[in-house]
Amino acid sequence: MTLNRTRTALVLSIIIIAVLFRFSQLSDRPMHGDEAINAMKLAEVMEAGRFDYNPHQHHGPIFYYTSALFAVVRGLLWDIQEFNEFFLRGITAFVGLILIWLTFGFWKSLKNDVVLFAAGLMAISPSLIFYSRYFIHEIFVVTMTFEFMVGIYQYLKTKKQSWLILSGLVLGGIMATKETWPIIVSSMLGAYAILHYKNGLRIKIPLKKILFVIGIAFGLVFLFFSDFLQDIPNSTDFFSAFSPYMYRVADEGIHNQPWYYYLNILFPFGYSWNSLHWAEGILFIAFLLNLRIKNQPLIVNFLFWYSLILLVILSIIPYKTPWNLLGVMPGVILVATYTIYHVFENPILRYGVIGVLSGLIFLQAFSYNIMNEADQNNPHVYAHPTKDILTIESKIYDVADQVDVSVFIIAMDDDYWPFPWYLRHLDNVGYWNHVPQNARNASIILISPDLEKELVNVLYEEAGPGELSLFLPLFDEPMELRHSVEILCYIKKDIYDTYMNRINNE
Amino acid sequence: MKHITKSLRMIIIATLGLVSILFSQDIKLVPIKLELPKPMFIGTPQNLNVKNLQKPLGKPRPAFLVPTGTENVALGKTVYSSDDFPVIGEIEMITDGDKNAAEGSFVELGPFLQDVTVDLGAHYKMYAIVFWHFHKQARVYFDVVVQAADDKDMTENVTTLFNNDIDNSSGFGIGKDMHYVETSEGKLIDAKGVTGRYVKFYSRGNTNNDLNHYIEVAVYGLPLK
């Protein structure tokens with residue numbers, strides 16, 4: 001009875017800590033460009049009732065349709081004006097909570113304590129928290145992948161058809177969320193192949209049941225890519241996504257990183273010398289030590305090989321972004337917890353190690369997600385806007401409150417995100433990847449330095465006498481869109497004069 | 001021989017190209033930070049009861065941005081005045097680069113409407129004009145009008161760039177610009193890229209007395225191509 005109460009208290013504590021870490025100060029970190037694009041795409045889906053898929057730029061539709069469902073439940077109207085950072089990131093934070101809850105699906109094979117501690121570590125995992133507070137697809141993919149494993153695992157235990165249906169649905173969900181699904185499926189097949197040859201594993205699922213699962217998955221993919229049968233020809237987009245993705249993987253792109261990139265996130269050499277930031281690295285070492293353990297539950301073996309193969313494949317592919325590491329982390333946490341539990345047989349030592357490690361992970365999570373959420377020393381912060389963007393947003397709205405303004409945002413390769421998100425409440429804002437001829441009509445110009453020469457031409461060289469206007473810097477200090485990516489901010493002198501005069505008269 | 005000529009031509013073209021790359025200026029917007037005189041407000045300022053008065057910024061004015069190569073083209077240029085015999089100072093002081101308000105740095109012209117005209121010596125595309133009347137005290141000058149033109153008599157290609165004559169007492173039409181308090185920062189006006197050789201400045205007394213003063217006038221522009 002006492003044990004049950006203790007466990008209930010522990011589960012409740014895990015949930016509370018997980019909720020606090022995932023939902024507190026959700027709006028503080030500036031919106032990443034990808035988050036802003038996702039927000040705008042969500043608004044489009046809500047307005048049009050369908051998803052306009054661009055295989056070159058975007059990921060699959062499930063993310064947007066699910067988020068739209070959340071918006072409907074919240075009673076938000078079909079307009080991006082109604083959205084805010086808390087609402088958008090709250091969706092992924094909620095999905096991040098489901099991921100923790102799924103850990104309890106392994107009660108039957110693992111010791112209760114292992115599941116509890118694994119769930120606890122997932123609740124405070126710096127990387128799981130970071131991408132739960134991030135309005136991008138990754139946490140959806142990882143949660144559904146974990147759900148797929150739980151579904152198959154539960155089917156093998158109970159032989160209930162409903163688990164197969166669930167597995168088919170989440171497999172379809174993974175496929176309709178992100179084009180990286182073949183990597184996930186390959187890693188699962190690889191893990192199964194190793195266990196088959198090494199441990200003689202035989203999973204007894206009849207072929208027709210496997211086809212049944214695949215059929216459900218493709219049915220779901222078809223349903224979503226055809227926008228719920230509204231646009232059946234559009235469903236072939238699912239296949240057209242592979243070509244750009246393969247090209248991106250093979251190409252020498254800006255996201256190409258060395259093979260040890262993901263290990264460098266776990267062991268953040270070159271980012272921060274704060275020893276508190278090594279906790280997930282220690283967890284990874286515990287994960288690797290699992291190789292030495294014989295006769296362990298099948299699910300632990302499977303998760304070990306799955307996570308390792310996934311990490312190896314992701315490390316081989318030159319195209320790397322930090323959020324890809326997320327897929328590896330649930331397996332790492334669960335396997336590492338099992339390993340620690342198994343290696344340290346003395347309860348005092350075992351709970352001591354888990355306690356110290358939990359403390360370190362907690363501090364790392366606090367540092368990465370609350371204290372340094374947009375700091376370049378945080379290895380998860382990738383191409384993230386600096387807090388300057390909030391200063392720019394605030395200033396532009398201040399000016400717009402006093403004077404009618406037209407804001408021109410000009411950046412090479414359309415690299416002006418997340419401004420469309422931040423300036424969504426203004427009517428007169430335009431975005432260009434070149435300097436338009438009417439740039440001299442702008443009240444405020446935000447421009448990337450590589451286009452400054454063109455701007456000078458348009459503003460000063462090509463302008464006829466009397467058509468030209470004097471511009472002043474909008475800020476005293478240089479502004480950065482992202483770390484080391486400057487954005488030049490100018491305001492027309494007469495607008496500045498009117499603005500200053502009005503605020504001085506208030 | 002034909003080959004030698006061709007090779008020579010190619011070498012010359014390549015050399016010229018290289019030289020032009022080496023010496024070409026990267027065109028960008030550069031802030032013009034004016035070398036400003038120290039503020040000279042002394043004594044208790046009078047209570048300024050002036051209509052249409054612009055409030056002070058309360059902080060330094062931001063630097064204005066102009067294309068690379070832009071400079072003060074009025075520096076050291078000839079100045080003409082409606083008052084040939086200033087009460088204090090010499091007309092040349094208006095373009096000598098000295099912006100201080102101390103004795104010996106300003107020119108005092110007679111009462112009523114007076115003007116000074118700067119001859120830039122050639123045609124320029126003008127981006128900004130900055131001028132200082134008198135900043136030893138917090139004063140407001142009346143009927144401040146600035147015009148640019150192609151000729152000294154202001155008859156050809158005349159553009160009015162600034163006019164705060166709110167009652168048209170000086171006859172240039174009702175001005176829409178605001179009165180302002182003289183400070184050590186001077187008055188910056190947007191010249192909107194007008195072209196011309198002459199820039200004329202009018203004023204009609206100030207809140208302290210009927211006289212007109214000029215410390216310095218600066219015109220930022222580039223030679224007309």
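**Exercises on a predicted two-chain model**

Helix H5 of chain A, residues 112-124, has 13 residues and reaches 19 Å from its first C-alpha to its last, close to the 18 Å expected at 1.5 Å a residue. Helices (H or I, at least four residues) and strands (E, at least two) are DSSP runs, numbered from the N terminus. This is a predicted model, in which local features need pLDDT of at least 70, side-chain atom pairs count only at pLDDT 80 or more, and totals for chains, interfaces and linings use all residues. Residues are numbered from 1 along each chain as its sequence is written, and chains are lettered from A and ligands numbered from 1 in the order in which they are written.

**Exercise 1.** Determine how many residues of H5(A) are buried.

*Solution.* Step 1: a residue is buried if 20 or more other C-beta atoms, placed from the backbone, lie within 10 Å of its own, exposed if 12 or fewer, and partly exposed in between. Step 2: eleven of the 13 residues of H5(A) are buried. Among them are Val114(A), Phe117(A), Gly120(A) and Ile124(A).

**Exercise 2.** Describe the secondary structure and contacts of chain B.

*Solution.* Step 1: chain B comes to one helix and twelve strands, and the helix stands at the N-terminal end of the order of elements. Step 2: 40% of its 225 residues count as buried. Step 3: with contact defined as C-beta atoms, placed from the backbone, within 7 Å, residues 24 or more positions apart account for 79% of the contacts in chain B with a separation of 6 or more.

Conventions. Expected span 1.5 Å × (residues − 1). Contact = placed C-beta atoms within 7 Å.
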